[in-house]
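This report describes one protein chain, part by part. Please keep the sequence and the structure in view while reading.

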Amino acid sequence: MDRTREKATTMLPRRSLLGAGLAAPFLATPARAQAPWSPDRPVRLIVPFAPGGSQDVLGRLFAQAVSQSVGQNMVIENRAGAGGIIGAQETARAAPDGLTLLLATAGQLTIAKAVGRRLAYDPVADFAPIIHLSDSPVALATAPSLPVNNTRELIAYCKAARTPVPYGSTGIGTNTHLIMEDLKAREGLNVEHIPYRGAAAAFNDLAAGRIGLMFISVASVLAVSGAQMKVLGVSSRERFPPTPDVPTLIEGGLAAFEASIWTGIAAPAATPAPIVERWRAEFAKALETDLVKSRLPALGSTANGSGPAEFGRLLREDLERWTRVAAPLSISLE
């Protein structure tokens, strides 16, 4: 009995080792890594504005850089109309397969809802934010004839004015309208809104002194002669590289006052996470290319690069801010 027990005891470790040896190759083989998603045909980048504008130029710039990287054409599809709403609606209704993307701005994703536009989509729930591409601050400009030389003097002038100082915007419910209304509410300015159909007519009236002030894009500052206006400050947190001599509004005495005409990339809601991540990575890579780096300053923009979580947070915060600003204005755009 002792020999039998001893033999069995001796055999068990050898069988265990044999079993372990047979199993080892299978246990040591790593799981096969899943290849990242890639588009298998041309991709639509919907630009919700007409060809030739700054956002169209920006969209084409990124489409060129990303196409070279992914090996598929990224086709610009201009769906202009209703302040970008038509293009956003087209994207929201598209299949969530990664083959339709939106060049997104506040105009159609946050401001439109804030000012009460009737939308066939929810600007937060119906889109998958991918990446916050770039920021373009606005500049606070005054007529050459207005007796002010900096932001503090302008604030004092508009507070003390006996009659409202007329200010221009590129239209009712646009970012240049709401940013000025935000400043008006914060500082108690005595100003009156004069909306224009675009920037050109507003610039002419600003130069002639028919309006006293307005917010304009930095790209416009770079393109317009300094004799046509006085530029007092920019709305970025730090001085803007394309206009290094222009102080920020914060430097000018407006505590924590920031505003940006931002641009990002979004996809239809329910787009799978691997697709979102692939596009985030590709557009982030594009931000680092010489092609994009060399062109952004001329467009009055700086790179951002924040991913889906941060971009989604921006959408929610932007919507809350502009809803608060627009609420007392009783804007009607229908």
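Buried means under 20% relative accessible area, exposed over 50%, and partly exposed in between, with a 1.4 Å probe and protein chains only. Helices (H or I, at least four residues) and strands (E, at least two) are DSSP runs numbered from the N terminus.

After helix 7 comes Gly209, with a positive phi near 85 degrees.

## Basis of the model

Residues are numbered from 1 along each chain as its sequence is written, and side-chain values use heavy atoms, leaving out hydrogens and water. Because the model is predicted, local features need pLDDT of at least 70 and side-chain atom pairs count only at pLDDT 80 or more, whereas totals for chains, interfaces and linings use all residues.

## The chain as a whole

The chain has eleven helices and ten strands. Of its 334 residues, 45% count as buried. Contact means heavy atoms within 4.5 Å; among contacts between residues at least 6 apart in sequence, 78% join residues at least 24 apart.

## The largest pocket

The largest pocket holds about 1100 Å³ of space. A pocket is an open set of points on a 1 Å grid over the protein atoms alone, where a 1.4 Å probe fits, with protein on both sides within 12 Å along at least five of seven lines; lining residues have an atom within 4 Å of a point. Grid points are joined across faces, edges and corners, and the volume is the space filled by probe spheres set on the points.

The lining has 44 residues, of which Phe49, Thr170, Thr174, Asn175 and Ile261 are the closest to the pocket centre. Among the elements that give two or more residues to this lining are helix 2 (54-70), helix 6 (175-187), helix 7 and strand 9 (260-268). The lining comprises 22 nonpolar, 20 polar and two charged residues. Here Ala, Val, Leu, Ile, Met, Phe, Trp, Tyr, Cys and Pro count as nonpolar, Asp, Glu, Lys and Arg as charged, and the others, Gly among them, as polar.

## The second largest pocket

The volume of the second largest pocket is about 700 Å³. Asp135, Arg237, Glu258, Ala259 and Ser260 are the closest to its centre of the 24 lining residues. Helix 11 gives the most to this lining, with six residues. Eight lining residues are nonpolar, six are polar and ten are charged.

Arg237 is in the loop between strand 8 (230-234) and strand 9, and is exposed at a relative accessible area of 59%. Not counting residues up to four places away in sequence, Arg237 touches Thr248, Ile250 and Glu258.

Most residues other than glycine have a negative phi. Ala82, in the loop between strand 2 (74-78) and helix 3 (85-93), has a positive phi near 55 degrees. Ser330, in the segment after helix 11, has a positive phi of about 50 degrees. Ala82 counts as partly exposed at 37% relative accessibility, and Ser330 counts as exposed at 66%.
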